[in-house]
Amino acid sequence: MERRKYPLYFSYPAVAVFLIFFIAPTLFGVYYSFTDWNINADSVKFIGFDNYAALFQEPRLGKALSNTLIFAAAVTVLQNVIGFVLALVMNESIRMRNFFRMVFFMPYVIAPIVIGYVFRAIYHPEHGIVNTILEGVGLGFMAQDWLNDPKWALFSIILTDLWKVSGFTMVIYLAGLQFIPKDLLESAAIDGANYWHRLKNIILPLVASSTTVNILLSLIGSMKVFEMVMVLTDGGPGYTTEVFYTYIRSTFSMGQMGYSTAINLVLFALVTLVGLPVLAALKKREVEM
Amino acid sequence: MRQGGKKLALHLFVLLGALVILIPFYMILVNSFKGVRESALFGMGLPSEWLFSNYEKVFEQGNILRGFKNSFLLAGLTVFCVNLFASMAAFVIQRRDDRLMRGLYLTFIIGLIVPVSIVPTIRLMDILGVKGTYFSMVMYYTAVLLPFSVFLLVGFMKQIPRELDEAAQIEGAGFFRLYARIILPLLITVLVTVSIVVIVSVWNDFFGPFYLVTDSTKWTIVLQIFNFVSLYNTNWGVVFAFMVIVVLPVMLVYLLLQRYIIDGLTAGSVKG
């Protein structure tokens with residue numbers, strides 16, 4: 001059938017909703033970020049770059065920026081390493097494989113806010129299971145006040161996020177691994193390729209499309225982290241775990257709408273700057289392979 | 001001998017991993033039956049006395065049923081809108097495959113990457129006169145979840161042969177019939193996946209209702225637990241019971257339909 005005959009109007013409902021409720025507020029946002037829109041003031045005035053000038057002088061933005069980047073980089077790398085290793089292991093003949101696959105994916109369907117509350121209990125300095133276990137195996141000196149110690153707070157949030165998302169990554173890698181023909185690996189082994197060679201030259205190139213999806217989803221997901229940080233530390237102690245969305249929340253609750261929108265736009269720019277080149281690079285590599 | 005050792009090590013590794021995942025779940029459950037003092041110790045042992053009163057307290061305090069109703073309603077309506085709009089769009093995007101449709105597809109992909117501008121969204125709802133209504137929430141969720149659903153569905157549409165379309169047209173079927181009678185039934189696995197992703201996202205979301213819903217009678221269950229913990233977090237036993245209640249419905253959906261989620265996610269995102 002001729003391609004042009006497929007009626008365009010099938011796409012109209014999706015386009016309309018997306019245009020009105022996603023693209024329009026995004027464009028509005030650009031305008032509002034140049035205003036003094038405040039919940040306590042009657043009128044909204046255009047103030048040019050004042051919000052941005054004030055924002056870039058605040059050390060808090062720098063903290064939100066560096067924490068978001070550290071968090072995103074750590075989670076993206078570790079999530080993919082853990083997910084890939086789990087997938088490799090699960091791809092062997094493991095008994096009750098479907099049961100384990102179900103268990104590993106389970107945290108992904110739990111509300112981040114609930115996960116935050118449980119891990120507050122798990123990290124509790126006196127009664128939490130982490131410190132209890134450390135003391136139990138004679139490593140009591142390693143026990144920390146995980147969420148209130150500036151040295152450990154961000155690290156603890158990263159671990160919590162990994163607990164949630166690694167199973168998802170594993171499932172996507174597992175799917176990629178199942179497309180690799182078994183005899184290809186066997187004949188490579190017969191030709192004398194050791195495990196590392198097979199991993200590097202056969203397995204990794206052939207799971208490239210899983211890698212693309214995983215890296216992209218974890219990168220953009222982790223830059224937008226909010227609920228988990230809010231519940232675990234709310235950006236504290238001090239601003240040591242501040243990320244963009246906790247920062248936006250606190251300026252929002254002070255009624256500074258224009259200012260909040262400006263912060264949101266900085267995040268928007270950041271995600272676009274990081275996300276689009278990564279997408280392009282991964283797509284290019286996938287085609288070449 | 002060496003093979004056996006390797007196999008044992010792999011099984012131990014998987015078992016250990018599963019324990020790390022399951023322990024927090026066990027902790028929520030077991031502590032939800034403990035009294036004030038015992039639950040505050042976050043112990044892993046069984047309760048010295050099994051208390052069901054924590055659950056009663058949750059139901060007494062929280063207007064739980066209203067929260068449930070709101071969460072169900074929002075999830076249900078969003079499932080309907082997202083499935084319908086995304087599948088219709090994916091159908092013409094993949095079949096036409098011209099410059100316009102590629103542009104549209106790319107727009108949705110970019111929408112998958114960039115963050116929502118939440119504060120201006122509040123303003124928009126205000127201007128449209130729908131602020132705080134169910135309609136505004138359903139539209140917000142539909143807009144946010146469309147990109148991922150279109151992405152999955154377009155990936156899957158590629159596997160449906162065009163010959164089917166031609167056969168349908170020779171038999172005189174119009175495009176609506178073709179879409180409703182032939183395409184939709186073949187997309188069912190992905191549509192189930194999309195539905196589960198939508199249900200889980202809407203049910204678990206705090207961000208949207210926190211900003212967009214001011215009226216406490218329209219609070220979802222997640223907003224209620226947040227408010228509850230902020231006010232009564234001295235009794236962890238009750239908080240744990242509340243967590244069980246929030247987690248249980250999505251857990252059931254997941255356990256019943258997990259095959260579909262995993263198959264659909266992988267088919268749509270890896271092949272596509």
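**Before you start.** This is a predicted model: local features need pLDDT of at least 70, side-chain atom pairs count only at pLDDT 80 or more, and totals for chains, interfaces and linings use all residues. Residues are numbered from 1 along each chain as its sequence is written, while chains are lettered from A and ligands numbered from 1 in the order in which they are written.

**Stop 1: chain B.** Helices (H or I, at least four residues) and strands (E, at least two) are DSSP runs, numbered from the N terminus. The C-alpha atoms of chain B fill a box of roughly 70 × 70 × 35 Å along the principal axes. Of its 272 residues, 47% are buried. A residue is buried if 20 or more other C-beta atoms lie within 10 Å of its own, exposed if 12 or fewer, and partly exposed in between; C-beta atoms are placed from the backbone.

Stop 2: Residues 178-203 of chain B are 96% helix and 0% strand, and here the end C-alpha atoms lie 33 Å apart.

**Stop 3: two domains.** Colour domain 1 (2-53) and domain 2 (58-271) of chain B. These bounds come from an automatic or database domain assignment. The C-alpha centres of the two domains of chain B lie 32 Å apart. In chain B, 10 residues of domain 1 are in contact with seven residues of domain 2. Two residues are in contact if their C-beta atoms, placed from the backbone, lie within 7 Å. Helix H1 (2-31) of chain B gives the largest share of the domain 1 side, three residues.

**Stop 4: where the chains meet.** Show both chains. The contact takes 70 residues from chain A and 70 residues from chain B. On the chain B side, helix H13 (residues 236-271) gives the largest share, 13 residues. That side has 51 nonpolar, 11 polar and eight charged residues. Ala, Val, Leu, Ile, Met, Phe, Trp, Tyr, Cys and Pro count as nonpolar, Asp, Glu, Lys and Arg as charged, and the others, Gly among them, as polar.

**Stop 5: the largest core.** Select Val114(A), Ala86(B), Leu146(B) and Val246(B). They are among the residues that touch the most other members of the largest nonpolar core, which has 158 residues. A nonpolar core is a set of buried Ala, Val, Leu, Ile, Met, Phe, Trp, Tyr and Cys residues joined through C-beta atoms within 7 Å. Helix H7 (residues 134-157) of chain B supplies the largest share of this core, 17 residues. Why does this core lie between domain 1 and domain 2 of chain B? Both domains give residues to the core.

Zoom in on Leu146(B). Beyond its neighbours within four places in sequence, Leu146(B) is in contact with residues including Ala14(A), Phe18(A) and Phe85(B).

**Stop 6: one tyrosine.** Select Tyr254(B), in helix H13 of chain B. Is Tyr254(B) buried or exposed? Tyr254(B) counts as buried because 20 C-beta neighbours lie inside 10 Å.
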